[in-house]
Amino acid sequence: MEQATQQFECKHVKLGPFKFRLPFVHYRFEIPEYIQGLLMCSVCLSAITLLQTDLNMPFAVALAIVIINGAGYLLHTMFGDPVVPGWITPAIPLLEAYCLSFPEGPQRVQGLIAFEMELGIFCIILGVTHLAGRLIKLIPAPIKSGIILGAGIAAVVSVFKDDGRFSQAPITTTVCLVIACFLLFSNRFAKWSQENKFWHTIANLGILPAILIACILGPISGEIATPEFTTLFSHPDFIGLWRDWTGFGAIGWPSAQQYIQSIPTVISIYVVLFGDVVQSKSLINDAVRARGNDEIVDYNPDRAHMIFGFRNFIMSIISPDICMCGPLWAAMQVVVCERYKKGKEAMPSMYGGAASFRWGTFTGYWIGPIVALVTPIMSVAMALTMIVQGFVSCRIGVTQAKSFKDLGISGCIAGVIVCQSSAWGLLIGIILTFLCYDKDFLKGDVTAGHMWSPEVEKLTEDQNSLEG
């Protein structure tokens, strides 16, 4: 008779709904994840280009925001969530469009502050009241589909529009996009990575190989400046951030009208954010099952809402950020989970892997040569991130539709979001859904049969549930 697997839970200090953990004290510090974090901080640093372009923010101030956001990433594993947190990446184009609807200057930053503060408070309330799962089920399928699809298309448009990031370095961006899409989405490469250890290692690096190639190809092609290595440590401007870019400083606090204006964008972006919460739970559950359920890995969506809600709220006060504070960096969570599946000797606890990676990125922000290396290619890194997220969001958005009529509605919503704003897209979605389904507004198309295969139907159901 086989002996049952002996379960353990990573050591912690119980603090109400939170479980407090520190590296070396409560879990083993994982060197492989830490080193990957040092390299992958290049993706996080690409947020600087958004802050410079959309808010006209100085480099040193934008770097300070990236570092403060990076400190917030550490809170997840510190207070109980075994995740690699990140931006709300698919929703960045939605927030960009919202911010650009305000005049450049203090009003635009005030609009961002109003949005991020409301999103933070909204998420905290959902976490405390356990209402997250119930709320998302109230949103009709075509509206969910249209918002996610619109976010995906907007991400692609942001790269290829006339003054987009592609035009800044077309050769480098093209080559890197081909490499990134091949590594992430190619069936052929997926087969290689299953059969060969070297390609499996490359697959676990996500888009990092494409970013490293950009560092080499950009200067060779003449599209990107050669990095200038001048200092050992980076120089973020925290004083300038507080003085010139916060509500306590020269910017001032948003008006009541700006808080009202942000509500439709908060709702739209939360739909996208919710998908990351569900994906977090799915990735963790899959890894724990594959490992034989030897560790109790407690991922609590309500606690996650409270943590990233708190992060958004705090950021709105001390360092408003267009990339926002999300629950998951999916690509790197997959990397951590893959090594975790190899057993207790490879990675005793998932908390150690996730935390060590984020400690690595946080260290990288302060190292001058790393910042200098990636500064010239930040627009390329952001373009890669947007295209990858656009691909994934379009794929997920389409599968949210339950019928061809749903797809028609979602396509109209997506088009309005791309051409106007998420607020107009949400309004058009409500009107079209009501016109098409009347009293069945919440149920959707009750006359249609199954549109997708049973496998896709089950996948879509899982993407909208916090259960399991």
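These notebook entries record what I looked up in the structure, which is a predicted model.

**Entry 1: Helix H20**

I began with helix H20, which covers residues 404-419 and has 16 residues. From its first C-alpha to its last, H20 reaches 23 Å, close to the 22 Å expected at 1.5 Å a residue. I then listed the buried residues of H20 and found Asp 406, Ile 409, Ser 410, Ile 413, Ala 414, Val 416 and Ile 417. Viewed down the axis of H20, these buried residues fall within an arc of 165 degrees, so they line one face of the helix. On the face of H20 turned away from the buried side, I noted the exposed residues Phe 404 and Cys 419.

I next asked which helices the buried residues of H20 pack against. They pack against helix H4 (92-100), helix H7 (141-160) and helix H21 (422-437).

**Entry 2: The largest nonpolar core**

I turned to the largest nonpolar core, which holds 121 residues. Leu 45, Met 350 and Tyr 365 touch the most other members of this core. Its largest share, twelve residues, comes from H14.

**Entry 3: Thr 265**

I located Thr 265 in helix H14, which spans residues 263-291. Is Thr 265 buried or exposed? Thr 265 counts as buried because its relative accessibility is 2%, and the cut-off for buried is under 20%. Not counting residues up to four places away in sequence, I found that Thr 265 touches Leu 94, Tyr 98, Phe 115 and Ser 422.

Methods
Residues numbered from 1 in each chain as written. Predicted model: local features only at pLDDT ≥ 70, side-chain atom pairs only at ≥ 80, totals over all residues. Heavy atoms only, no water. Helix = DSSP H or I, 4+ residues; strand = E, 2+ residues; numbered from the N terminus. Buried < 20%, exposed > 50% of the residue type's maximum accessible area, 1.4 Å probe, protein only. Contact = heavy atoms within 4.5 Å. Core = buried A, V, L, I, M, F, W, Y, C linked by side-chain atoms within 4.5 Å. Expected span 1.5 Å × (residues − 1). Arc of directions from axis to C-beta.
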